Amino acid sequence: MNQDNYSSDPPMGQDPLVLLKTLELLWTKQELGKLKEEIRRGFARLEDPLAGLLAMLESSSDWKGRGHSLGYCITTELQLWIKAHPAVPQSSTKLKKLQARVLGMLSQCPTNLLDPLISIYQLHTADRNYLLEHVSHLYLQGNYKEAAILSIKLKLQLDQDVEKMCTPLLLQDKANLVEEYVAEYPELQRKLLQTLDMWCNPSFNIRDITRPYQGLSKYKPEKFNHRVLSKLVFRLLERFNVDSALCPNVINQRHLRTLKYLFYKRFVEKTMTEENWADHIQSTVGDNRWLQEQLVQSLLRHCDARGAARWAQRCCVPPEMLPQAVAEELQKLHIQDRVEEVTKAGNYEASRKKDYYQLPIPRENIHFLQTWEEMLQCWEKVLQPGQVVGVDMEWKPSFGMVGKPRVALLQLALKDEVFLLDLPQLLEQAEAEGEKEKLPHFIQMLYSDATITKLGYGMSGDLSSLAATCSALKDTEKQMQGVVDLLAVDKQLQWGKDSRKVDGLSPEHSHKERGVRQPEKGLSLLVQHVLGKPLDKTEQLSNWEKRPLREEQILYAASDAYCLLEIYERLCKDPESFGLSSDLTDSLVGKQSKKPRAKKQLNKQEAPSPSGQECQGPRTEPSRPPASISPQEFSVVCDNMLQGLGRYLRCLGVDVRLLDNEDDHRKAAEIARQEGRVILTSGLPYQTLRSQVGEGRCFSVNCSEKAKEQALQVLKHFNVQVSLGDIFSRCQVCNCNKYLKVSREGMKQLVESSKASGEHSAGCLGSQSCSVTVPDCDTAQPGCAPHSEQAEAMEQCRAAAVLAGDTVLQVTAIPLGVLDRAELTDFYCCTCCGKVFWEGSHFGRIVSQFQDVLVASGDTQSIYELS
């Protein structure tokens, strides 16, 4: 409608409540075009549109409803109308009165109405002290979430106590809201992190914080412990790019866990050499006196007082800080000639090498390169058409600390020699000479040359670490050609199914022969299968940044790259004996690019995992998009950080397992392997989990996105095609996909019977309110009324609300008034947990939120699969 139409409108002064009745009638009829036209015409007739809107909202029955309610429609149309028809400015006194009325409504209205109302009534111009008083009143009433959201919308955070505002939110498991509260204020981010770190001090009693809030609604004390808070601190440190020195308690505890892990690797598992172990111990402990004390105590448990005294001497620990036995040994300790001991260790190491893969080239053919002049010989030999190059990379283990790994060594193996590139030194030299693009240029030429075959194992993680090391290489993955990732090949070999023997040595026999050694995995296991002996991985967790490298490190690094050449040659020479399919054989022999399909999509991810990559699924056609699948064909396990995402996917029919809050994230890998699920995770756990499952079975979602956006990200990445019939086909609470249909009259009888017998619903969530951001509510909208003889027969058995298996229907959780709604003809009861669902507006909201991934379907079958 153009502005000329308004000139013929009747005189102003229409009663806003009369206008509301007209609008409600049009809304009921779903005549949205006429509705919007009448709203605009009505506002032109009102004497005071701003006051009129408040009168209508206060009288409307659905303005508190979520999604696109009538109240939302009226409010947003007024916002547009004001832009097109600037009103006469309100007097300050009148505006203040309207602002006071609006503030009283904001704590009750849905989130989508906050911004329009704040804009229309210019709340940012209101007296700041008055706004703070109102938020404080909400807080004192226990409306902590509402107080925080309103503070964010009105930008009041800097005038509030961040610990006071965030503590109850954390107790209610609303860490995402806490992040949003401090997101725009570095000062508050630091204060919050310091507070969380103080709570993580081992001597701090968390009960002192939680005690005042024990009656809090949705109180989740299990989410408020040192371990969970520590994870939150590391996530915030990474997200806000804050110096980790701000959180000494959390860092110390992480280092302490690293110490325990190193002691396990050295003294229990016995898979780490003395030199390697000592490097990491020194790097972990540093000059930290508290960690030095923990080190000495651990040494006393695993060695003797003399061994502890040697480390105390090495770390310059004052004698008064040491246990008496260690202090006495320290006094006696003198530097001794350890030649005999070193020789003995060398003989032991040499004896055990025979069980491992041996590098077939002489030591003088391994070149450690630290200058650009040395690099030129590598360049000339590697960048030859038809060349086959084994590529591997090494970096210092982070042991879970914040930050992405940076490559310390790049290995390039040719048929007769191996080049080990000291990446930090080469980059530093090139930058000092003003030619910092030289090395990235060489690496880009290597990866983009289709005539050179590059062999790797799990190349996605390597390339993302390479990009973190040198920003000029961030697009290498987009440009690479002629790549064969032997990890993808390894998955197609499927060794575990037939325990295939290679060179007369089966994996099982090999493990038994070697006694205490841990089972091989990853590349080492592939080398064992194809070449007969595994890799010696004792240097895997070396400090690769320390110079000079030890001889054992140099041999390990060269072997890791060179073995790829031998595996590739063996597979190409005799593919049938390894059970390779013909298309894979062709791709190997023809040296075609093996770039995984999903890596094109990967670059669209806005916030990848710490490695910068998501583990992509195995694809038989790497250059094509993955075949579309239905939600019924897609099953996942969600890490405990992504429960909101999991519930959204359940809404869309995906089979979702959710980790409990107290579960270690590594349990996701166990479930994924046992049940064939894809792991959905984010942040630091991704690095651990991706190595424990097959390629494409672990995906890192953007943890800065809301759950709905994460769900869209997952569906598009795996090409999951959702139809209307999939929506709400699974119970959002327990993941069951079997429902019992009960008529409205039958449900009334069940409710009355339950009340008469005094039964209580089992497992009732207690809250029946729908949530747009986290779909965890009791309302569901079936695509059409389902039919089932068995279900109809069950309706005749209404004496008690109990299903087979003693599942109690949660009939007492149905709000008053729902059973009296004439439009509700049927209810749908989850046969597993007893949750009761019925038709509501939530279905429409889910459809609108996920319309980008919905596919048209002529299927009129019910979305509920009746048991």
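Contacts along the chain. I looked up how far apart in sequence the touching residues lie, and among contacts (heavy atoms within 4.5 Å) with a separation of 6 or more in the protein chain, 71% join residues 24 or more positions apart. The model is a predicted one, in which local features need pLDDT of at least 70 and side-chain atom pairs count only at pLDDT 80 or more, while totals for chains, interfaces and linings use all residues. Residues are numbered from 1 along each chain as its sequence is written, and side-chain values use heavy atoms, with hydrogens and water left out.

Whole chain. I noted 38 helices and 13 strands in the protein chain, where helices (H or I, at least four residues) and strands (E, at least two) are DSSP runs numbered from the N terminus. Of the 867 residues, 51% are buried, a word that stands for under 20% relative accessible area, with exposed meaning over 50% and partly exposed in between, for a 1.4 Å probe and protein chains only. The chain exposes about 40,400 Å², and 50% of that comes from carbon and sulfur atoms; the area is found by the Shrake-Rupley method with a 1.4 Å probe.

Helices α7 and α8. I then followed helix α7 (residues 128-140) and helix α8 (residues 144-154), whose axes come within 7 Å and cross at roughly 160°. The axes are lines fitted to C-alpha atoms over the stretch in contact, and angles run from 0 to 180 degrees between N-to-C directions. Because of that angle, α7 is roughly antiparallel to α8, the term for angles over 145 degrees. On the α7 side I found Arg128, Leu131, His134, Val135, Leu138 and Tyr139, which meet Tyr144, Glu146, Ala147, Leu150, Ser151 and Leu154 in α8. By class, this contact has eight nonpolar, two polar and two charged residues, where Ala, Val, Leu, Ile, Met, Phe, Trp, Tyr, Cys and Pro count as nonpolar, Asp, Glu, Lys and Arg as charged, and the others, Gly among them, as polar.

Serine 60. I located serine 60 in the loop between α3 (49-59) and α4 (70-84), and serine 60 counts as buried because its relative accessibility is 8%. Not counting residues up to four places away in sequence, serine 60 touches Leu20 and Glu24. The C-alpha atoms of serine 60 and glutamate 24 are separated by 8.6 Å, although the two are 36 residues apart along the chain.

Glutamine 643. I placed glutamine 643 in helix α32 (residues 643-651), and glutamine 643 counts as buried because its relative accessibility is 16%. Leaving aside neighbours within four places in sequence, glutamine 643 is in contact with Leu658, Leu659, Asp660 and Asn661.

Key. Angles under 35 degrees count as roughly parallel, over 145 as roughly antiparallel, 65 to 115 as roughly perpendicular and the rest as oblique.
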